[in-house]
Amino acid sequence: MTRSRLRPWLLVFLFSLISLLTQVVLAQEQINYGATEQVPSIRYEFEQSTTQEDYNNPQPLPGALTFSKADTILRTLKPTSRSSSRFTKPTGLLATTVYYARQIFTFLFMNTPNSDGTTSNKPRKLSESLVTAVELLEESAGQGNSDALYTLANVNFYGTYQWPRNFNKAFELYSELASIDGNSTAQSMLGFMYATGIGGAVKKDQARALLYHTVAAEGDDIRSQMTAAFRHHAGVSTPKDCEKAVHYYKKVADRSMAFIKSGPPGGRRPKKRAYRLADEDGGVYGEGASASSTGMNAKPGGTNAENNAQFDDVLEYLDLMSRKGQLSATFGLGRIHYDGSRALKQDFRMAKEYFYDVARRYWTKDGKIKQDTEPGTDKLASKAAGYLGRMFLRGEGMKQDFIKARIWFKRGIENGDPLCQYSMGLMYLQALGVPKDVLKASEYFGAAADQDWAPAQTRLGALLMDQGDLATATKYFELAARNQNSEAYYYLAEMSNLGAGRERNCGVAAAYYKIVVEKAEELHSKFNEANEAYDDGDHGTALLLYMMAAEQGYEAGQANVAYILDQPPARAPLATIFPWFKRKASDFMGDATLALIYWTRSARQQNIDSLVKMGDYYLLGFGTEGSVSDPTKAAACYQAAADTLQSAQAMWNLGWMHENGIGIDQDFHLAKRYYDQSGETNREAYAPVAAALLKLRIRSWWNWVSGGSVRGIKEDDTPRKRYTFSEWIVNFLAADLEAYEAELAREGEAGGDMAGLDEWNSAAGGGIGDEYYGGDNWDDIDDGLLETLIIMGLAATLGLLVWYRQQRQLRERREREARENAAAIPVQNGGVAPPAAAQQDRGLFPPPGDPEFLQWAAGGVGH
């Protein structure tokens, strides 16, 4: 067989092998995914909205048998694939080989452009089982079965099981379901479709949207309660009404707290899924140009610094340091695996191993302290003991065991660990393996609260509130709220709403309730599904789910919707070069009007980059009525963003507008001021700022030469005060002392741990210990004062040298003039000037006895 005939068979064999390996890896991923997360069912929402009376109704619904058959088929189908994590990378030689082989195969053979230069969007062939299930659902829905109507509407709306999305059909089904039995979830979906006009199924009608959401909210639909509360709170298509906002927010907050407390001891740990997509890319304008990555939000060391490494690199570095025996790295790995993140799933087994490694470095198997441990081992071991005890207490990664949990907590309490103190107090408060003792619980809570542990502060505040001490309870709640404790915010909201212990304040109550409900996002939002769809490249589905969260008032959802709608123009050049890079988008991708709406809503919730984007849209006429540019509104947006002193882009834009007189008065002096502020806010913008200032100075000079009317660049007109030498010294010492105190304050802040976002991760507050001020530190010479004295001594020496040089030059000039005068006398008498005798080198000063010695001495004293 020749080599040319062998190649096709070899390619077929390789592709078959790759396909087989791919199926193995995907199957393993599906098993791992299913073991850690439950795939949400399309029936879940309907089951939540159905009352207990419906379940107790003995009479079957019309078409129930047909729906049951369809439901059985749907249970056997594989739901829409999801990626487990955006940052997940294959591990191992086999998985890595398969991963990149799939990428290459897809790029070469699966993305071939059509003759018209576009990607083929032919719908996938639907499985016969799915088609049969949908036909059964339609038959059952035709008989008025509410379960079938709801399931079929969701299939068409979300495109579940890869069924083609059909918003018109979904709208009809939701409308029919709402008219049959007033299903609150169907009414909520109708309100959403009227609010957004999604898919063109219905024309936007904000009045009808609010009406449907109000009816659904009164029917106890939690998403409509969120939406109605936000609309009344922010005044979206309705006048602001704080009382109505509080009414709906309180309903959701009560359910959110019940949801959080329904978990294991200590309550559920809400997971943050409301990420801003733009922030993960460095901001709306990119790294360094956005407010989220400049100024106080800038990443230390610049965009290419080591501390901006990928998460995998950080994990690898910590693992290396842990293997070298660095205990803090081992504990850090335990925390990372225990808490999890978007980049890494929770792994209690790995966390347990790392915590055990730390604990073994300090305690023996029988709990005795080892000898000759390194400094700081006791603190880290106590923290690890707190987490091990917590895992036994909650049954995380191991069987729940109150006895072992108490043993670990006792070990940590010996070294004053606040997590152990709080957890022990919780055991006594809830009688978990120990007799209930509120007094002991309060003592443990107090010890942890003194270390600024937010959950302990909240529990102690709740105990004090039960005893009627509202003033002290409020102080503890406010302290805990600084560390973003959900329950503390809830109590503060209740007190502000009822006027308990303080004057009633509806606005404060609404703001606190909103914080509480948005921390329980998994109860009523689809951020997790939206993130996964976006990571998979399905921007249409991601946009749909983000939009639902945006309507509920999530600022992150509003920013994400606007950011996705703003993306297509940015991808246009790449799609022009490589047509097969075009991605499937929804019908409303690139809708500038819709994007401007969500940029505006996000900006009203203090998103600075969104505020700058609003200015861009008004300046360019994107999404405005008639696509007409409005530079005045653009300048107002830029000014509001610049006033925060966090947006270099807004300052730059204002400088440009002042330079060219667009939307505001042309003023070169103000333009220079804003350019300077832009450079100060973002040091990486030095080059463009310098170029802009050079051009501005040229224009200002030409304006002055030509007699233009524009105000040119001027120095600061404010007269500067002239200080005496003594005043200058006093001001210098005062400034030095202020800088020294500021440095001490920064060191004190760096001494404490970062506060967590949930009741378990709130860290103890740090500060400067008493030992810092002890000993003989005050007897030492202050370094700042010593530097000041040295500088003053050098300045005095320099002044003396300058004075001496001036005196020497004056003496030499006098000697030269005297010689010239003596030589001129014989010439004036008609004689010939005698040759000048060679002068003897007498050194720097005239020796004693020389006639000029007295003149030099007299000049040095009095002249």
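Mentor: A salt bridge here is a side-chain nitrogen of Lys or Arg within 4 Å of a carboxyl oxygen of Asp or Glu. The model is predicted, and a search of the whole structure finds 28 salt bridges.

Trainee: What makes Glu487 and Lys261 a salt bridge?

Mentor: The N to O distance between the side chains of Glu487 and Lys261 is 3.5 Å. The cut-off is 4 Å, so the pair qualifies. Glu487 lies in helix 23 (residues 486–498) and Lys261 in helix 12 (residues 242–261), so the pair ties together parts that are 226 residues apart in sequence.

Trainee: Is Glu487 buried or exposed, and how do you know?

Mentor: Glu487 has a relative accessible area of 8%. Buried means under 20%, so Glu487 is buried.

Trainee: How do you know that Asp452 and Arg482 form a salt bridge?

Mentor: The side chains of Asp452 and Arg482 meet at 3.1 Å, N to O, and the limit is 4 Å. Asp452 is in the loop between helix 20 (438–449) and helix 21 (454–466), and Arg482 is in helix 22 (residues 470–482), so the pair joins parts that are 30 residues apart in sequence.

Trainee: Why are Asp452 and Arg482 put in the classes they are?

Mentor: Asp452 has 17% relative accessibility, which is under 20%, so Asp452 counts as buried. Arg482 has 52%, which is over 50%, so Arg482 is exposed.

Trainee: What makes Asp566 and Lys613 a salt bridge?

Mentor: The closest N and O atoms of Asp566 and Lys613 are 3.0 Å apart, within the 4 Å limit. Asp566 is in the loop between helix 27 (555–565) and helix 28 (568–577) and Lys613 in helix 30 (residues 608–620), so the pair ties together parts that are 47 residues apart in sequence. Asp566 is at 17% relative accessibility and Lys613 at 11%, and under 20% means buried. Apart from these pairs, Arg231, Glu551 and Arg601 are linked in a network of salt bridges.

Trainee: Why is the link between Cys242 and Cys506 called a disulfide?

Mentor: The sulfur atoms of Cys242 and Cys506 are 2.1 Å apart. The rule asks for a pair within 2.5 Å, so the two cysteines count as a disulfide. By this rule the count comes to one disulfide.

Trainee: Which hand does the disulfide of Cys242 and Cys506 have, and how do you know?

Mentor: The torsion about the S-S bond of Cys242 and Cys506 is about -115°, so the disulfide is left-handed. Cys242 lies in helix 12 and Cys506 in helix 24, so the pair ties together parts that are 264 residues apart in sequence.

Trainee: What class does the accessibility of Cys242 give, and what class that of Cys506?

Mentor: Cys242 has a relative accessible area of 27%, which falls between 20% and 50%, so Cys242 is partly exposed. Cys506 is at 12%, under 20%, so Cys506 counts as buried.

Trainee: How do you know how far helix 29 is enclosed by the rest of the structure?

Mentor: Nine of the twelve residues of helix 29 are buried, so the helix is largely enclosed by the rest of the structure. Among the buried residues are Leu594, Tyr598, Trp599 and Arg601. The buried residues pack against helix 9 (184–196), helix 11 (222–234), helix 26 (539–551), helix 27 and helix 30.

Trainee: Where is His524, and is His524 buried or exposed?

Mentor: His524 sits in the loop between helix 24 (506–519) and helix 25 (527–535). Its relative accessible area is 1%, under the 20% limit, so His524 is buried. Not counting residues up to four places away in sequence, His524 touches residues including Ile222, Met226, Val252 and Tyr554.

Trainee: What is noted about the phi of Asp220?

Mentor: Phi of Asp220 is near 75°, a positive value in a residue other than glycine. Most residues other than glycine have a negative phi. Asp220 lies in the loop between helix 10 (206–218) and helix 11. Its relative accessibility is 45%, between 20% and 50%, so Asp220 counts as partly exposed.

How values were computed
Residues numbered from 1 in each chain as written. Predicted model: local features only at pLDDT ≥ 70, side-chain atom pairs only at ≥ 80, totals over all residues. Heavy atoms only, no water. Helix = DSSP H or I, 4+ residues; strand = E, 2+ residues; numbered from the N terminus. Buried < 20%, exposed > 50% of the residue type's maximum accessible area, 1.4 Å probe, protein only. Contact = heavy atoms within 4.5 Å.
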